[in-house]
Amino acid sequence: PECFVFTFGSPDEQKPVSVHPWAGGNQYFMYADSDGFAMGGGNGFAFWIDHNLLKGSSAPSKTFGTTAPIASGADFVLKRLECWTFDHSVISPATLDTLVSV
């Protein structure tokens with residue numbers, strides 16, 4: 001599965017990006033309902049964002065093998081939210097071959 005979560009420190013901390021890919025086992029990659037959305041699962045969500053996009057929480061997640069919250073704390077207030085996706089269907093096969101061979 002091409003699903004992962006990541007964390008990084010503030011610019012002052014100069015902490016490198018830490019990527020947590022699927023750890024195997026359960027497949028609780030993404031979850032959403034009218035209260036919010038989350039990634040990860042097992043013993044807790046790697047992160048949960050509420051329906052207002054204002055508050056969140058983070059806990060160790062068996063899905064991604066995290067042993068601590070990936071946020072600054074177990075509960076947090078969002079300052080900014082970026083949401084990314086990668087859609088390989090819009091890339092031509094020639095361009096994809098070039099990207100993969102780099």
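Q: Which side chain of opposite charge is nearest to buried Asp 50?
A: This is a predicted model, where local features need pLDDT of at least 70 and side-chain atom pairs pLDDT 80 or more, while totals for chains, interfaces and linings use all residues. Numbering starts from 1 along each chain as its sequence is written, and side-chain values use heavy atoms, without hydrogens or water. Asp 50 is buried (under 20% relative accessible area; exposed is over 50%, partly exposed in between; 1.4 Å probe, protein chains only) and has no salt bridge (a Lys or Arg side-chain nitrogen within 4 Å of an Asp or Glu carboxyl oxygen). With Lys and Arg counted as positive, Asp and Glu as negative, and His and chain ends not counted, the nearest opposite charge, 4.8 Å away, is on Lys 55.

Q: Which residues does Asp 50 contact, leaving aside neighbours within four places in sequence?
A: Asp 50 sits in strand β5. Contact means heavy atoms within 4.5 Å. By that cut-off, the partners are Asp 35, Gly 36 and Lys 55.

Q: Why does Gly 41 count as buried?
A: Gly 41 lies in the loop between β4 (36–39) and β5 (47–50). Its contacts beyond four places in sequence are Asn 26, Tyr 28, Ser 61, Lys 62 and Thr 63. Gly 41 counts as buried because its relative accessibility is 6%.

Q: In what order do the elements of the protein chain run?
A: Helices (H or I, at least four residues) and strands (E, at least two) are DSSP runs numbered from the N terminus. The chain has one helix and seven strands. From the N terminus, the order is β-β-β-β-β-β-β-α.
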